Amino acid sequence: MASFLSLQTALSGIRAAQVGLDTASHNIANAGTVGYTRQRVLLAQRSPFTSVVGQIGTGVDVTGIERTRDTFLDGRARSSAAEFGRTGTKAELLSRAEAILGEPDQGLSATLGTLWDAFEDLALDPSSAAGRRQVLSALGGLSGRARSIGSGWASLADDAGVDLRATTDEVNASLARLGELNRLIPRAQPSTAQSSGGQFGGQPNQLLDERDRLLDELSASLGASSRLAADGSVTVTLAGAPADLVAGQTINTITVTADHRLSVAGQEVSVGGRVGGLQGFLLTDLPAQRAQLDAFLGELVSTLNTQHAAGTDPAGAAGGPLLAFTPGLAITDLRVAITDPDLLAAGDGSGGDHNDRNAQALAALRGTSPDGQPSIGSRLSQFVIGLAGEVRTAVGQADSHRLLNVAATSARSSAHGVSLDEEMVALVQWQRSLEAAARVMTTVDEALQVLINRTGIVGR
Amino acid sequence: MRVTSEMMISQSLQRLSTRLLRYERAQSDVATGKRIRTPSDDPAGASRALTLRASQRAREQESRNADDALGWLGISASQLQSAVDRLQRARDLSVRAASTLSASERSAIAQELESIQTELVGLANSSYRGRPLFAGFAGGPAVSGGPGAWSYSGDTGEITRRVGEREGVRINVTAAEVFGLTPTDGGVFARLDEAAAGIRAGDTTAGTDAIAAMDEAIRLVSDSQARLGANTNWVESAQLRGQEVLQAIRVELSEVEDVDLAEAMMDLQTQQVAYEATLRALARALPPSLVTFLS
């Protein structure tokens, strides 16, 4: 036994070194794979051979190949990804909504300024056909600008809705795959596999990496949290949901209604992450801005129409409405209600072909408001600045969450990622260890050769 | 801390893109010359900028209104000056008519008075850019009728021009005010009728009556002239003030909206250097690994 023991010991060393080399090359090959966790060979001493002189070591066993995963860092990275997903989406969408407004150069404020100028020019020469046409075209410019903001926001909402659906579909696909993994992983786990009498499988590292990557996606897009069980299966929960999204192999998918509400198992839920950001924009942020702009346009139209109705056109008839819209739809439906320039009521009813009093009164709306409220222009700029402030806050929040997410992600990749230098060292180490073990073999071999060929020759 | 390749690459890219973003920002600052491109770049500044822009537009419009007002006032004043000249001539003729004259001389004077009257009617009905000067808001002639039945056919409309934020200046006078026309009285035109008829008929008091009437008419026109002159001064000073305000607004708007070019250029330079340095650092840090040195 004793003389062959070293051969066995050396063999175990060679085997361990081979596994080490395999693992190092696997690590190197996957250095750029998303969600890959660095793998490490676990070694243990073989149980010793007890001889009369003491216990003699019998070599090394490869007990497993494990992932260097830190679940605490995972938790941090996921919660920061969820926050960044929500705030980043909100900031991006709000910025786009603001860009559609076109302030300060191409927005409503510029077209409104053109309208006031047109009224003043009409007051300079109320009987001029050119001045009247100028007012109509300024009204057209204003209503066209409002409608293009309306349609821009509508298509932004459509985009966000499509994105919401697509992301939810991805989430549902991930949930289904996690249910599948919950079946595969426990079966492959050594503890459960052994206890159930199955064959030895080792850690299913690839499946575990896939599971963790899916959980990363779920937190970034949904803000869902997860709980790992000892057998490697995962339970995915969503705060406020009546049932777990994934529990064992049971899946509760997320359904999206036409009005962008989400529900799980028939009950409405609120979510975080990217989907939460999209939903918040569609249900809260954008409708709030639309309502404000609608209210502003409503006030603008009623102020203009009231003042216009106070005047008379050249034929002596009171002024009709200048602008019109379907109630509640000012932003998409605002249109010029007056088509004949001769119906513009520039006069105040006291007669005279060149009576300009009502044109003056319309032009005076530039700086004042008849009801003592702030002027139309300052109400518009209040709205614009309100939106700008929200965008700025959202962008600031998104930036700070981005930094937190970057920090958490790098902390995690510091622990989980592949360091090529480290792997090179490991390669050299395993190579040397293989060489040394091989040398042990040749040494034992030579010793045996001496024993076999050189000893006992005396009796020949 | 363990540094892994993934971490190194992702962090380097992160830094590089942050640098590039700042570089781009600095570059577009210089290219556009604007500090505020969307209101969210600086909500407080954008709020001021919007107010200032509206104010700038209003002041520019006031300046155009003032130009128009000065045109009206100038034309009206020169028409009134002609009227005073004509009335002065009528007064001179009346003085001559007050002394004893032959019938043919009186007839010549009466004829000239009548032609002065026609000229004054023409002045009263003159228009500027297709619009009667002295008829208020009315579109037709200011004075109509004929001998014995002169009447004012305009209205009392006061044409005003906004030359300041809340300053409306009246720029017109009506023929009724200038020539003393009332619904019951033909004013200066009736006086000229009476003078011409009296002088032609050899009425001894006609000349002296006409002198008094012409003095009164000249006083009335001069009153209107004085009012136009005062309003012209008002418009001119308002325009001057408006231009100063406009200048101040432009300066302030530029302070709020525009980038300080020297500062922006410096910033661009700094960002460019920083970006290049990041690239260089990346180029140095990324390639070497143990692989290079193991042979």
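This is a predicted model: local features need pLDDT of at least 70, side-chain atom pairs count only at pLDDT 80 or more; totals for chains, interfaces and linings use all residues.

Q: At what angle do the two helices pack, and is the crossing left-handed or right-handed?
A: H2(A) and H7(A), which covers residues 273-309, pack at an angle of about 35 degrees with their axes 8 Å apart, and their crossing is right-handed.

Q: OK, what about H2(A) and H6(A), how far apart are those axes?
A: The axes of H2(A) and H6(A) are 6 Å apart, and the two helices pack at an angle of about 35 degrees. On the H2(A) side the contact is made by A:Asp74, A:Arg78, A:Ser79, A:Ala81, A:Ala82 and A:Gly85, while H6(A) brings A:Asp212, A:Leu215, A:Asp216, A:Ser219, A:Ala220 and A:Ser221. Sorted by class, this contact has 4 nonpolar, 4 polar and 4 charged residues.

Q: How many residues does H2(A) have, and what comes just after it?
A: H2(A) has 31 residues and reaches 45 Å from its first C-alpha to its last, which is close to the 45 Å expected at 1.5 Å a residue. Just after H2(A) comes A:Gly102, which takes a positive phi of about 75 degrees.

Q: What is the peptide bond from A:Glu103 to A:Pro104 like, cis or trans?
A: The bond from A:Glu103 to A:Pro104 is cis, with omega near 0 degrees, and A:Pro104 itself lies in the loop between H2 and H3 of chain A.

Q: Why is H6(A) said to be largely enclosed by the rest of the structure?
A: The reason lies in the count of buried residues: 13 of the 18 residues of H6(A) are buried, so the helix is largely enclosed by the rest of the structure.

Q: Which residue other than glycine has a positive phi near 65 degrees?
A: That is A:His260, with phi near 65 degrees, and A:His260 is found in the loop between strand S9 (254-256) and strand S10 (262-264) of chain A. There is also A:Ala265, which has a positive phi of about 50 degrees although it is not a glycine, and A:Ala265 sits in the loop between S10 and strand S11 (267-269) of chain A.

Q: Why do A:His260 and A:Ala265 count as partly exposed?
A: A residue is buried at 20 or more C-beta neighbours within 10 Å and exposed at 12 or fewer, with partly exposed in between. A:His260 has 18 such neighbours inside 10 Å, so A:His260 counts as partly exposed. A:Ala265 has 14 inside 10 Å, so A:Ala265 counts as partly exposed.

Q: New topic: how is chain A divided into domains?
A: Chain A is divided into domain 1, made of 2-68 + 418-454, and domain 2, made of 71-354. The C-alpha centres of domain 1 and domain 2 of chain A lie 60 Å apart, and 9 residues of domain 1 are in contact with 8 residues of domain 2. On the domain 1 side, the largest share, 4 residues, comes from strand S4 (residues 60-67) of chain A.

Q: And the two chains, how many residues does each give to the contact?
A: The contact takes 42 residues from chain A and 40 residues from chain B. On the chain A side, H10(A) gives the most, with 14 residues, and that side divides into 16 nonpolar, 18 polar and 8 charged residues.

How values were computed:
Residues are numbered from 1 along each chain as its sequence is written. Chains are lettered from A and ligands numbered from 1 in the order in which they are written. Domain bounds come from an automatic or database domain assignment. Two residues are in contact if their C-beta atoms, placed from the backbone, lie within 7 Å. Ala, Val, Leu, Ile, Met, Phe, Trp, Tyr, Cys and Pro count as nonpolar, Asp, Glu, Lys and Arg as charged, and the others, Gly among them, as polar. Axes are lines fitted to C-alpha atoms, for helices over the stretch in contact, and angles run from 0 to 180 degrees between N-to-C directions. A crossing is left-handed if the near helix is turned anticlockwise from the far one by less than a right angle, and right-handed if clockwise. The expected span of a helix is 1.5 Å times one less than its number of residues.
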